[in-house]
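Please look over the sequence and the structure shown here before reading on.

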Amino acid sequence: MTGVEIRRAGEGDVPAIVGLLADDALGATRESVDDLGPYFAAFERLRDDRNQYVLVACRGDDVVGTLQLTIVPGLSRRGSTRAIIEG
């Protein structure tokens, strides 16, 4: 993809993110674009957690992708830190 910007998501991106999550066979059965309240509450918790990053891929003004990056401190591998990526 060309012309795509990756940036940290803002509260105004939540409707587009939920739309992307709901736009596949699995998401259509578990996500609801009709009630965004729970998503805004979850976004607030994620925004306030220093180990959570919600990112969006934008082409112009359109959100075309999203991911959540979770930083996980650990004891294994001599106390290494790892990351989990969810779509």
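## Fold and pocket

In the protein chain, residues 24 or more positions apart account for 41% of the contacts with a separation of 6 or more, where a contact means heavy atoms within 4.5 Å. This is a predicted model, in which local features need pLDDT of at least 70 and side-chain atom pairs count only at pLDDT 80 or more, whereas totals for chains, interfaces and linings use all residues. Residues are numbered from 1 along each chain as its sequence is written, and side-chain values use heavy atoms, with hydrogens and water left out.

The protein chain has 4 helices and 4 strands, and from the N terminus on these elements run β-α-α-α-β-β-α-β; helices (H or I, at least four residues) and strands (E, at least two) are DSSP runs, numbered from the N terminus. Of its 87 residues, 23% count as buried, that is, under 20% relative accessible area with a 1.4 Å probe, protein chains only.

The largest pocket is lined by 15 residues, and Ile17, Leu21, Leu46, Val54 and Gln68 lie nearest its centre. A pocket here is an open set of points on a 1 Å grid over the protein atoms alone, where a 1.4 Å probe fits, with protein on both sides within 12 Å along at least five of seven lines, and lining residues have an atom within 4 Å of a point. Helix H1 (14-22), helix H3 (37-48) and strand E3 (62-73) each supply at least two residues of this lining, whose classes are listed below.

| Class in the lining of the largest pocket | Count |
|---|---|
| Nonpolar | 10 residues |
| Polar | 3 residues |

Ala, Val, Leu, Ile, Met, Phe, Trp, Tyr, Cys and Pro count as nonpolar, Asp, Glu, Lys and Arg as charged, and the others, Gly among them, as polar.

How values were computed:
Buried < 20%, exposed > 50% of the residue type's maximum accessible area, 1.4 Å probe, protein only.
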